Protein chains: 2
Amino acid sequence: MDNLYAVVLAGGRGERFWPKSRSNMPKQLLTLTGQSSMLGETLKRVGSLAPVERQWVVTGEDLVKSIEKIGIVGPRLIGEPAGKNTAPAIAVAAAEIAREDPEAVMMVLPSDHFINDVPRFQQALRQGADLARRGYLVTIGIAPARPETGYGYIERGEMLPDCSIPCFVVKSFREKPDAITAGKFLKSGYFYWNGGIFVWKAKAILEQIEKHLPELHQKLTAWQKQGGLSAGPEKFAEFYREVEKISIDYGVMEKAERVAVIKGDFGWDDLGSWEAVERFHPRDQQQNVLVGNCLAIDSQNNLVYSDDGMVAALGLKDIIIVQSQGAVLVCHRSKVQEVRKVIEELKKQPDGKKFI
Amino acid sequence: MDNLYAVVLAGGRGERFWPKSRSNMPKQLLTLTGQSSMLGETLKRVGSLAPVERQWVVTGEDLVKSIEKIGIVGPRLIGEPAGKNTAPAIAVAAAEIAREDPEAVMMVLPSDHFINDVPRFQQALRQGADLARRGYLVTIGIAPARPETGYGYIERGEMLPDCSIPCFVVKSFREKPDAITAGKFLKSGYFYWNGGIFVWKAKAILEQIEKHLPELHQKLTAWQKQGGLSAGPEKFAEFYREVEKISIDYGVMEKAERVAVIKGDFGWDDLGSWEAVERFHPRDQQQNVLVGNCLAIDSQNNLVYSDDGMVAALGLKDIIIVQSQGAVLVCHRSKVQEVRKVIEELKKQPDGKKFI
């Protein structure tokens with residue numbers, strides 16, 4: 001397995017976790033569950049499969065310093081001059097890794113997910129690497145726990161032989177469904193959540209990028225001929241600036257052949273909002289979750305979170321309160337997905353920028 | 001008028017204004033309306049009647065430093081070794097003032113009220129001083145603006161002659177009424193709110209204290225014979241420790257004769273809670289009041305107040321949010337009178353005390 005690489009995508013801004021996440025310290029760099037940052041946990045989780053010298057992190061150029069600041073210094077860091085969604089980020093990592101090892105197998109991992117059962121997660125990745133060596137583009141599908149409308153789904157087809165856990169040919173990728181469709185997906189047992197976890201040969205994904213995203217591939221090849229990353233940040237920026245924003249799902253996976261899905265059943269959470277954080281803390285008798293120096297009086301079903309000062313809730317119901325770094329969010333539970341509206345508003349205010 | 005003294009009672013803790021008010025910096029020392037602290041505004045408001053050398057402030061022993069810290073250094077400060085309600089505080093001030101000037105007339109003023117029309121307020125006090133010289137114990141009644149159940153009321157009797165504004169004999173003092181009674185009071189036109197503003201000769205109130213609170217008077221006299229305040233804080237504490245807690249209304253005014261009430265109509269507000277503060281700021285189109293670095297999105301009828309950092313409200317209705325000195329209160333409007341519950345809770349917590 002010494003040609004297995006980990007590529008962690010860490011370019012997100014985690015705006016739904018404001019005010020704890022900030023533009024220079026987004027969600028994946030925060031300790032929301034576990035012992036260290038979500039990125040740190042992600043790297044640790046795959047360390048036995050891909051040790052630090054075969055770990056790559058693709059992130060925003062401006063986040064490289066923040067990553068080093070939280071003590072992540074082993075992996076190679078690719079600082080993107082601009083966010084271009086997942087396909088260009090994966091293409092760059094694949095090209096650089098293939099240059100180092102033409103037979104390399106790479107795992108692509110989001111940097112901000114929680115995984116409960118790490119051994120089972122590793123087993124799925126190991127199975128993924130095996131299928132990747134057999135020529136598949138592999139995605140780890142998440143066994144759905146509820147009729148969620150917030151994720152894309154993967155429809156499984158025929159089962160693949162010679163696998164230690166259930167693996168299938170992918171029949172289709174599906175966009176975020178409506179509630180009725182999500183219910184049907186869940187009931188059928190044929191659908192998995194698309195969690196953005198992939199395993200493939202670097203060479204194989206580059207071939208598929210060449211086929212389905214020829215313009216990206218052409219620019220990538222030209223830049224690689226100049227020396228790729230080793231040619232320095234200016235050349236990188238020159239190439240990357242011209243690249244189209246597109247996801248690997250939409251740009252490649254939905255069109256590619258020989259795509260496999262592994263049933264992932266290891267306790268997964270994408271920590272999509274402050275409501276998700278609640279699931280990692282005990283509730284009091286009034287169904288309040290209190291984290292940090294907080295108290296709740298005559299209050300039911302609130303999240304009160306402080307890592308800075310203290311917060312007192314009085315007579316509240318269904319409210320999310322987060323105090324961090326001098327800023328406070330007070331948000332009705334029903335609006336927890338709309339926290340980025342606050343950031344949009346802060347951008348307009350002269351005094352707001354320092355709180356973004 | 002050179003024997004007119006101002007005695008400002010500044011012993012309150014203003015717990016309903018937490019987290020902006022703290023035990024060492026209570027409501028009356030905060031700038032909630034106007035240009036300076038409420039105590040500072042109170043002293044300024046009567047400066048033309050009783051200049052600084054005839055101003056006395058009675059406050060908690062531990063607040064003397066806080067008062068000096070906010071720049072109030074002219075008036076004489078009496079630091080009570082314990083809170084004993086208004087009768088003992090007034091008795092001490094009256095005794096000390098009478099020692100300085102046996103014919104002194106003293107105005108007694110709460111330190112934490114807002115007054116809109118200062119000239120009319122001064123006119124009422126001047127009229128009060130005139131009646132005090134004619135031997136009356138005078139209270140300034142506040143012309144009621146609504147059927148308020150949170151205040152005591154003063155029932156007026158016969159009109160007094162030779163006054164520049166309406167003055168009456170007091171027929172009775174009434175405890176806080178229920179809503180129906182408050183409505184009747186308002187409709188009748190014969191009732192005023194008891195705002196705790198008094199004018200009398202120091203000698204006259206001492207005589208009434210002797211008559212109605214003989215025990216207090218006896219202890220006061222013994223202490224005065226020792227030298228009063230000039231005998232030092234230990235003697236003061238020795239005397240004061242033994243004194244019964246009692247209000248001047250209950251202890252003296254309700255039983256005294258020759259009590260007059262002046263109709264006060266000068267725009268008065270006792271700033272009883274955060275909801276009162278709202279009245280001093282403009283509302284946005286969604287009826288939110290935003291003070292300081294705050295924003296409100298998809299929110300109606302909230303108060304968002306920050307003097308420290310910033311606060312964002314999202315999807316809220318009828319919520320009061322106050323951020324001050326590292327602490328945040330988030331409180332439903334219906335609970336705004338119960339903020340002291342938070343302080344009670346903080347007292348129990350090891351980390352809570354620094355936020356009180």
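Visitor: What share of the 356 residues of chain A count as buried?

Guide: This is a predicted model, and the values are computed from it. A residue is called buried if 20 or more other C-beta atoms lie within 10 Å of its own. In chain A, 49% of the 356 residues count as buried.

Visitor: What radius of gyration does chain A have, and what would a compact globule have?

Guide: For 356 residues a compact globule would come to a radius of gyration near 21 Å, and chain A agrees because its own value is 21 Å. Its C-alpha trace spans about 60 × 50 × 35 Å along the principal axes. Of the contacts in chain A with a separation of 6 or more, 63% are between residues 24 or more positions apart.

Visitor: How many helices and strands does chain A have, and which domains does its assignment give?

Guide: Chain A has eleven helices and 17 strands. The domain assignment gives domain 1 as 4–269 and domain 2 as 274–355. Between the C-alpha centres of domain 1 and domain 2 of chain A there are 30 Å.

Visitor: How many residues of domain 1 of chain A are in contact with domain 2 of chain A?

Guide: A contact is read from C-beta atoms within 7 Å of each other. By that test, nine residues of domain 1 of chain A are in contact with 18 residues of domain 2 of chain A. The domain 1 side has four nonpolar, one polar and four charged residues.

Visitor: Which elements of chain A supply the side that touches chain B?

Guide: In total, 31 residues of chain A are in contact with 31 residues of chain B. Strands S13 (294–297), S15 (310–314), S16 (319–324) and S17 (327–332) and helix H11 (340–348) of chain A each supply at least two residues. S17(A) gives the most, with six residues. By class, this side of chain A has 18 nonpolar, seven polar and six charged residues.

Visitor: In which sense, parallel or antiparallel, does S17(A) pair with strand S15 of chain B?

Guide: Pairing is read from the bridges between two strands. S17(A) pairs with S15 (residues 310–314) of chain B in the parallel sense, over five bridges. One of the partners in S15(B) is B:Ala312, bridged to A:Leu329.

Visitor: Where is A:Pro19, and is its peptide bond with A:Trp18 cis or trans?

Guide: Omega is the angle to read. The bond joining A:Trp18 and A:Pro19 is cis, with omega about 5°. A:Pro19 is in the loop between strand S1 (4–10) and helix H1 (38–45) of chain A. In chain B, the peptide bond from B:Trp18 to B:Pro19 is cis with omega near 5°.

Visitor: What is phi of A:Gln287, and what is phi of A:Asn301?

Guide: A:Gln287 has phi near 65°, a positive value in a residue other than glycine. Its place is the loop between helix H10 (274–278) and strand S12 (289–291) of chain A. A:Gln287 is partly exposed, with 14 other C-beta atoms within 10 Å. For A:Asn301, also a residue other than glycine, phi is positive and near 60°. A:Asn301 is in the loop between S13 and strand S14 (303–306) of chain A. With 16 other C-beta atoms within 10 Å, A:Asn301 is partly exposed.

Notes: Residues numbered from 1 in each chain as written. Chains lettered and ligands numbered in written order. Predicted model: local features only at pLDDT ≥ 70, side-chain atom pairs only at ≥ 80, totals over all residues. Domains from an automatic or database assignment. Contact = placed C-beta atoms within 7 Å. Nonpolar A, V, L, I, M, F, W, Y, C, P; charged D, E, K, R; others polar. Helix = DSSP H or I, 4+ residues; strand = E, 2+ residues; numbered from the N terminus. Buried ≥ 20, exposed ≤ 12 C-beta atoms within 10 Å, placed from the backbone. Rg over C-alpha atoms; globule rule 2.2 N^0.38 Å.
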